[in-house]
Amino acid sequence: MAERMFAQRLEEHGTRTAIIAGDGSQWSYQQLAQAADEVASHLCGEAAPVIVEAANTVDCIVAYLACLRARCPVLLAEPGTTVRDSRIADTFHAAWVFRANDQGVWQFERYAKERMAVHPDLCVLLSTSGSTGSPKLVRLSHANIDSNAAAIAEYLGITADDRALTSLPAFYSYGMSVINSHLHAGACLLLTEDSVAQDGFWLRAERERATSFAGVPFTFEILERTGFRSRRYPYLRYLTQAGGRLSAEMVKLYAEWAESQDKQFFVMYGQTEAAPRMAYVPPAQLRGNAECIGVPVPGGSFELRRDDGSLETRPDQPGELVYRGPNVMMGYAVQASDLALGKVVDELRTGDLACRKANGNYYIAGRMSRFVKIVGKRISLDEIERWLEQQGVSAAVSGNDEVIAVAVTSSGDPAALKQRLLQRFGLPAMAVEAAVLDPLPKLASGKIDHRSVLRLVREACRKQQRHATLAEGFADILGIASVLATDSFLDLGGDSVSFVEVSLLLEEHLGHVPDNWEAMTVGALEALRQPQPAQRGPAANDAAAPCLRSSFKVAVAAALCVMLAGEGGLQLRSYLKTGRSAATLLTGQSTVVFNELWGVPTYRPNHVLAGGEDGRYFATNSLGLRSPEIKRDPEPREVRLAVVGASTVAGAYALRNDDTFPSLLEQNLRKAYPKQPINVINAGIEGHTLGQTGRLIEFAVAGLRPTTIIIYPGLNDMTGICHASRGQKAQREPLPAPSMPRWTLSSSILAKNTVALREPPIKSKAVDPAAFFPTAYAETLRDIVHKIRGRGIEPVLMTVARSFGRGSRQEGMQLAASALYYNSCLDYDGLIKAGKMYNKVIRNVAETENVTLLDLSRVMPGGRDYFVDGGHFTARGEHFVADYLAHELEARGLASAPVQLGSR
């Protein structure tokens with residue numbers, strides 16, 4: 001089999017189409033074989049691995065196949081990783097590295113020249129999931145790769161007529177398996193680097209008649225947000241899911257949808273060590289086995305082992321899941337000499353505790369290795385027990401992928417201990433449950449019975465979870481010491497993890513879950529279960545009569561007081577939200593100042609605005625950024641990201657610095673990589689145009705030596721359309737400066753800070769934005785990208801999300817009121833069109849300059865839940881963007897210093 005693997009049989013498929021590239025070019029199997037052999041001729045005789053940075057492009061696929069045909073061990077890497085971190089290339093003495101140069105041209109670059117002893121069966125090298133410290137690679141043979149490709153093609157029923165969209169990266173083991181299995185079957189690959197959230201992905205699917213695509217759990221979250229199941233896909237035959245556990249509810253949802261549409265949905269299970277696929281659930285059995293990983297792939301087998309090593313053959317009885325098959329790896333490699341080793345393992349001990357149902361389908365019951373995965377974070381239960389022991393606490397720790405259960409003896413305080421655990425391990429409150437169990441449950445052997453610990457702690461906590469008030473419940477679930485009646489779920493930083501728990505709390509207290517409850521205050525929610533006050537009777541009306549007969553003078557005086565108080569309140573509101581008011585203008589203490597050295601506005605350096613019942617805290621560092629002070633020289637292995645843009649990046653409506661999405665992103669990444677130094681710089685300045693953002697990068701941000709600069713441009717440049725339509729040069733203030741009223745009772749009191757009541761500064765007819773679109777915008781953005789790269793920094797572009805244009809027109813126009821005010825030459829439809837034009841430019845620059853694109857506008861929902869106005873985020877919106885960025889940056893290897901070469 002090793003002599004005639006699929007890569008060496010390409011010619012057998014003749015002139016059939018093997019690849020259709022993103023630009024529409026087509027490659028037959030004959031052409032693909034010839035191109036691979038041309039490249040392979042330069043690699044012959046190499047006794048060292050070749051690293052291929054594998055994007056979903058023809059060049060990268062050819063390079064990968066060339067290595068397979070030349071029998072050169074190939075290590076698949078994410079594009080850009082070998083430049084950022086050379087550890088693996090150095091450790092394993094890579095002979096060549098295939099990557100894009102500064103001009104975006106893919107080419108092989110000579111790396112190490114020393115010749116290494118490499119086993120002749122060695123085919124592919126992939127990094128292990130979650131490895132830390134020294135690089136650890138999985139060694140896969142030609143037989144491993146080819147047998148798994150054949151098995152996948154068999155159970156999916158792939159034929160030469162199938163066309164698969166490459167919805168996953170080629171360097172990821174799941175993405176690699178899609179390529180391998182389709183080339184094995186003589187099918188066609190539709191190469192794309194678009195996300196399933198992008199319209200281009202689905203236009204391509206329709207145009208090229210795609211029959212399948214693959215997804216991880218997050219893919220299906222995006223599909224739900226974008227209304228995937230509400231549309232028709234006449235050519236789609238099946239879709240697959242792996243890369244993590246998809247909830248049983250979601251599995252049932254897609255199984256039912258697929259059945260109703262005469263399609264197939266495959267749920268699969270695997271590990272990198274198995275090249276990677278080990279199991280799948282037959283679609284016909286999926287609805288009744290939604291919690292299962294399924295049956296072994298063709299040629300493979302499972303067995304369950306008890307603790308004493310004997311086999312567990314009874315249904316629904318747990319044992320360690322052990323896999324056997326021709327796709328089981330040769331072994332691991334942690335140093336160069338390991339590459340010469342042959343096959344040293346015959347079975348794969350998965351580390352998962354599993355059961356077999358009577359119908360033959362397997363399901364995961366837990367983990368053997370005392371590790372759990374809570375909200376994407378891998379936690380060692382033994383590590384927690386050791387830490388508790390060091391703290392002098394007698395406790396036992398158990399858990400699963402939903403909760404960590406801590407049992408303490410009578411001398412412990414469960415509530416206080418839970419808070420200490422949350423702080424020490426950075427976990428959400430609902431992820432930890434603690435209770436007193438005295439004595440601790442033990443097995444006959446005298447060891448702690450961890451299964452009983454989990455069950456008993458959860459039972460004890462459920463009995464204690466009745467709360468007298470909603471405030472108590474919110475505090476307990478969210479892990480907050482004190483909750484006020486004026487707080488809402490969003491204000492308190494609630495997330496998807498705690499959303500379900502609070503929903504159940506509301507169901508318990510109110511008997512139902514109110515619409516939009518997450519934005520309601522705790523007091524308003526509590527009032528929903530209170531009895532309505534009795535209707536006022538005649539006596540009450542009689543008592544109120546004297547108030548209604550107050551003199552005219554008193555009424556006028558009251559009106560004057562209200563209007564004066566209103567002006568003062570509006571000035572205070574202006575100051576708290578923007579740092580500017582009439583008073584600050586008079587005293588020269590505006591939050592926004594002009595930096596003459598850099599030639600752009602910034603926030604006032606080392607400035608603090610704090611106070612108010614809402615806990616507002618706005619603080620800047622010595623550079624005038626809403627970000628903590630940061631050393632100019634990064635620490636060793638530090639990942640330093642900078643997010644640049646305008647007021648949306650700065651967090652125009654974020655109460656505290658920590659509530660802005662750059663800060664929330666930093667918090668997410670630090671939880672995901674607790675041993676990794678990570679800093680995210682918030683370099684958003686309100687009112688900045690793209691040109692001003694470029695100058696800030698050049699004079700300030702680049703000097704902080706970030707590894708990556710993320711550009712969220714905002715749409716302040718849009719005002720240039722109106723200036724151009726009037727033949728005026730764009731001269732834009734960051735925000736309209738507050739002014740002292742001409743007279744206390746003037747209409748300016750009513751107009752101030754109330755956009756809907758203001759008149760546009762210049763009356764004008766609505767214009768077509770396409771006629772006055774600034775052509776220099778693309779060149780400015782391109783120039784910024786070039787300058788960032790010139791400093792050795794990775795640029796990332798984001799499209800701009802808007803609140804309107806998707807839902808109801810009435811709500812959209814309300815949200816767009818401020819944008820329409822600042823862009824008075826545009827009507828609602830013109831505003832939408834202009835926004836799309838700017839985002840199109842961003843996408844085009846990302847594509848032509850080969851820059852990572854995070855297409856936020858495609859995935860972010862609109863409406864009041866996520867936006868305060870046209871483009872500024874609510875607390876929920878800030879969290880959404882931070883979560884999206886964390887996921888995308890991790891997936892692209894930009895969130896951690898080690899090379900990310902593959903995953904489970």
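## Reading the labels on this model

Reader: Between which strands is Asn606 found?
Author: Asn606 sits in the loop between strand E27 (600-603) and strand E28 (608-611). Strands (E, at least two residues) and helices (H or I, at least four) are DSSP runs, numbered from the N terminus. This is a predicted model, where local features need pLDDT of at least 70, side-chain atom pairs count only at pLDDT 80 or more, and totals for chains, interfaces and linings use all residues. Residues are numbered from 1 along each chain as its sequence is written, and side-chain values use heavy atoms, with hydrogens and water left out.

Reader: Why is Asn606 called exposed?
Author: Its relative accessible area is 55%, and exposed means over 50% (buried is under 20%, partly exposed in between; 1.4 Å probe, protein chains only). Asn606 is therefore exposed. Its phi is also positive, about 50°, although Asn606 is not a glycine.

Reader: What is the phi of Arg209, and where is its place?
Author: Arg209 has phi near 55°, positive in a residue other than glycine. Arg209 lies in the loop between helix H7 (199-207) and strand E11 (212-215).

Reader: And how do you know whether Glu526 is buried or exposed?
Author: Glu526 has a relative accessible area of 15%, so Glu526 counts as buried. Its place is in helix H15 (residues 522-527). Leaving aside residues up to four places away in sequence, Glu526 touches Thr469, Leu470 and Ala471; contact means heavy atoms within 4.5 Å.

Reader: Why are H20 and H29 described as they are relative to each other?
Author: The axes of helix H20 (residues 661-672) and helix H29 (residues 875-891) come within 8 Å and cross at roughly 45°. Angles under 35 degrees are roughly parallel, over 145 roughly antiparallel, 65 to 115 roughly perpendicular, and the rest oblique. H20 and H29 are therefore oblique to each other. The contact includes Phe661, Leu664 and Leu665 of H20, with Glu878, His879 and Val881 among the residues of H29.

Reader: Which peptide bond is cis?
Author: The bond from Ala275 to Pro276 is cis, with omega near -5°. Pro276 is in the loop between strand E13 (264-270) and strand E14 (277-281).

Definitions and conventions:
Axes are lines fitted to C-alpha atoms, for helices over the stretch in contact, and angles run from 0 to 180 degrees between N-to-C directions.
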